[in-house]
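Here is a brisk report on one protein model. It starts with a strand pair, then moves to a sheet and a helix contact.

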Amino acid sequence: IVNSLSLCYHNKLILAPMVRVGTLPMRLLALDYGADIVYCEELIDLKMIQCKRVVNEVLSTVDFVAPDDRVVFRTCEREQNRVVFQMGGMGAALLSDPDKIEKILSTLVKGTRRPVTCKIRILPSLEDTLSLVKRIERTGIAAIAVHGRKREERPQHPVSCEVIKAIADTVSIPVIANGGSHDHIQRYSDIEDFRQATAASSVMVARAAMWNPSIFLKEGLRPLEEVMQKYIRYAVQYDNHYTNTKYCLCQMLREQLESPQGRLLHAAQSSREICEAFGLGAFYEETTQELDAQRAKLSARTSEETREPAEDTSGVIKMAVKFDRRAYSAQITPKMCLLEWCRREKLPQPMYETVQRPVDRLFSSIVTVAEQKYQSTLWDKSKKLAEQAAAIVCLRSQGLPEGRLGEENPSLHKRKREAPDQDCGGSRAQELAQPGELCKKPFVALGSDEESPLEGW
């Protein structure tokens with residue numbers, strides 16, 4: 001593999017991939033305590049394909065954002081060249097399809113400048129396991145991680161150090177031993193003992209690190225209270241969703257969940273309440289104020305550059321309007337009214353073009369009707385709301401009903417009564433369609449570039 005940024009997998013301490021645990025705050029904490037390499041949680045490739053790469057200037061991160069605005073993966077410069085992105089089937093699903101394993105790995109090795117690694121569980125027989133790892137090695141991967149248990153075995157089952165050792169003796173690439181938390185690893189020195197027992201090049205730690213990430217610290221475990229507070233600080237600084245923060249803290253507390261602090265954590269329904277439960281209320285207020293100030297500063301700095309979401313907005317009719325759901329009928333919306341009016345006038349259906357502003361992740365939409373463009377100057381928190389606001393601008397410019405409570409739009413009511421079971425051509429069905437489906441335009445994030453989604457930090 002020709003790659004100047006290749007990771008070395010010899011004599012490394014590694015944070016294992018763990019669902020809901022391996023998010024940015026935990027990865028940074030593990031690095032602080034001595035981990036050399038950190039794996040993110042397992043992410044599904046189809047979800048990543050749907051994401052947009054957004055540079056988050058407020059947090060100094062790179063975010064991969066799903067169409068529903070959820071951050072699927074967030075990374076920062078601190079972990080650049082030390083984070084490993086994990087994707088694939090669920091759990092050990094691919095073990096039963098060696099041909100597919102080989103095809104995936106070969107494609108990745110040939111198609112990326114990044115080092116590719118593979119993580120497996122052992123098969124029922126040693127012969128089959130060794131045959132599989134030889135086949136995997138031939139694909140050109142940089143290292144192979146081995147969880148020394150069979151697919152159906154759970155943490156209470158003993159880890160097979162002998163099988164990992166046999167694999168290490170068979171292949172020439174680095175072998176990363178995994179699965180020692182239950183039987184072997186309770187403190188830092190145990191990591192080296194596990195490595196020697198398996199003859200592996202490196203050790204990957206999962207649950208022992210989830211319980212206390214300072215397991216990687218040569219000087220010994222730090223008090224759990226200190227570790228949890230440090231984790232919370234990262235979670236607030238990097239805007240981690242409170243449910244994920246809460247989950248990780250619960251894994252650390254374990255048997256202390258019934259303590260007074262554990263009960264406060266269990267009851268917490270926001271990042272603020274989590275901070276208050278751990279005596280970090282002042283830190284939360286100070287940090288959120290700093291982030292808000294940074295957002296305002298960036299918004300002011302880029303307001304002129306991002307005021308217009310389209311390249312050419314000459315002749316756009318604009319108004320400062322927002323769509324307030326409470327002011328409109330649940331059955332009739334501005335978009336429905338506009339679509340119906342266009343049909344009545346035998347005009348092409350409205351075409352919506354919506355973009356997102358990376359500074360604050362707000363949306364703006366331009367609707368084109370009869371070659372005239374309409375736009376609200378106010379940005380909205382969702383694509384749907386931005387499109388409704390654009391429709392309002394058009395309707396008000398034409399002096400047309402927009403579906404507000406108390407307004408009457410006879411044609412809509414009449415159409416609804418005459419064709420209650422109308423197919424996808426009906427106005428209500430159009431309203432239920434996915435945003436942007438009518439115009440077939442892709443969602444665009446301002447500031448994104450053309451490089452590969454995982455290229456760079």
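## A hairpin

Asp63 stands opposite Arg74 in strand 5. Strands here are DSSP E runs of at least two residues, helices are H or I runs of at least four, and both are numbered from the N terminus. Strand 4 (residues 61-65) and strand 5 run antiparallel, joined by 5 bridges. Two strands count as paired if DSSP finds at least two bridges between them. The two strands form a hairpin with 5 residues between them. In the turn, Asp69 has a positive phi of about 75°.

Strand 5 (residues 71-76) is largely enclosed by the rest of the structure, because 5 of its 6 residues are buried. Buried means under 20% relative accessible area, exposed means over 50%, and partly exposed lies in between (1.4 Å probe, protein chains only).

## Basis of the model

The model is predicted; local features need pLDDT of at least 70, side-chain atom pairs count only at pLDDT 80 or more, and totals for chains, interfaces and linings use all residues. Residues are numbered from 1 along each chain as its sequence is written, and side-chain values use heavy atoms, leaving out hydrogens and water.

An open sheet is built from 7 strands in the order 6-2-1-10-9-8-7, with parallel pairing. Strand 6 (83-84) and strand 7 (117-122) stand at the edges. Each has a single partner strand, so one side of each is left without a neighbour in the sheet.

Strand 1 (residues 13-15) pairs with strand 10 (residues 202-205) in the parallel sense over 3 bridges. Ile14 stands opposite Met204 in strand 10. Helix 6 (residues 188-198) packs on the sheet and touches strand 1, strand 9 (175-178) and strand 10. Contact means heavy atoms within 4.5 Å. The direction of helix 6 makes about 125° with that of strand 10.

## Two helices in contact

The axes of helix 4 (residues 126-137) and helix 5 (residues 161-170) come within 10 Å and cross at roughly 40°. That makes helix 4 oblique to helix 5. Axes are lines fitted to C-alpha atoms, for helices over the stretch in contact, and angles run from 0 to 180 degrees between N-to-C directions.

Helix 4 contributes Leu126, Thr129, Leu130, Val133 and Lys134 to the contact. Helix 5 contributes Val163, Ala166, Ile167 and Thr170.

## The whole chain

The protein chain has 16 helices and 15 strands. Of its 457 residues, 48% are buried.

Conventions:
Angles under 35 degrees count as roughly parallel, over 145 as roughly antiparallel, 65 to 115 as roughly perpendicular and the rest as oblique.
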